[in-house]
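User: Hi! Could you walk me through this structure in questions and answers, with the cut-offs spelled out?

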Amino acid sequence: MTESTQENTSEISTTTLDFIRSELLDEELEVGSGDDLLSGELLYSLAVLRLATYVEETFGIEMMPANLTVENFQTVRTLTDFVLREKQGPSAGTRPESGRP
């Protein structure tokens, strides 16, 4: 991993954790980058949608319905990995094949 990628990973993870802590969790709950966000104890469905909107607006990526998966949103680490992949180029198979731009 290059130094630039490590900085991006750290920045994405830190800003995402800050958003989750300040906007989506009760004050008494704590979350770390490896904690399961979708276990039902931390985030509920509307909070996941707010998180998806935050990721889209903050990191400038288009959040397609196919991207709203457990694999991408399970932890802050998996979400960070998803953001980095999307910033490198859209994932194969996540764009509609309608032939329209």
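The questions below go from the overall fold to the core, the rings, the salt bridges and the surface.

User: Before we start, what kind of model is this, and how are residues numbered?

Analyst: Happy to set the ground rules: this is a predicted model, in which local features need pLDDT of at least 70 and side-chain atom pairs count only at pLDDT 80 or more, while totals for chains, interfaces and linings use all residues. Side-chain values use heavy atoms, with hydrogens and water left out, and residues are numbered from 1 along each chain as its sequence is written.

User: Which pattern does the protein follow along the sequence?

Analyst: Helices (H or I, at least four residues) and strands (E, at least two) are taken as DSSP runs, numbered from the N terminus. The protein has 4 helices and 0 strands. Read along the sequence, the pattern is α-α-α-α.

User: What percentage of the residues in the protein is buried?

Analyst: Buried means under 20% relative accessible area, exposed means over 50%, and partly exposed lies in between (1.4 Å probe, protein chains only). The protein has 101 residues, and the buried share of them is 34%.

User: What is the angle between the planes of Phe 19 and Tyr 54?

Analyst: Rings of Phe, Tyr and Trp (its six-membered ring) pair if their centres lie within 6.5 Å; planes under 30 degrees apart count as stacked, over 60 as edge-to-face and the rest as tilted. By this rule there are 2 aromatic pairs. Phe 19 and Tyr 54 form a stacked one, 4.0 Å centre to centre, with an angle between the planes of 10°.

User: Where do Phe 19 and Tyr 54 sit, and how many residues apart are they?

Analyst: The pair links distant parts of the chain, with Phe 19 in helix H1 (residues 3-24) and Tyr 54 in helix H2. Phe 19 counts as buried because its relative accessibility is 14%, and Tyr 54 is buried too, at 13%.

User: Which residues do ring pairs link into a cluster?

Analyst: Tyr 54 also forms an edge-to-face pair with Phe 59, at 6.1 Å centre to centre and 85° between the planes. Both Tyr 54 and Phe 59 are buried. The cluster linked by ring pairs is Phe 19, Tyr 54 and Phe 59.

User: What is the N to O distance in the salt bridge of Arg 21 and Glu 30?

Analyst: A salt bridge is a side-chain nitrogen of Lys or Arg within 4 Å of a carboxyl oxygen of Asp or Glu, and the whole structure has 2 of them. Arg 21 is partly exposed because its relative accessible area is 35%, whereas Glu 30 counts as exposed at 59%. Their side chains meet with an N to O distance of 3.7 Å.

User: Which residue forms a salt bridge with Arg 50?

Analyst: Arg 50 is partly exposed, with a relative accessible area of 37%. In this salt bridge the closest N and O atoms are 3.3 Å apart. The pair joins helix H2 to helix H1 across 27 residues, and the partner of Arg 50 is Glu 23.
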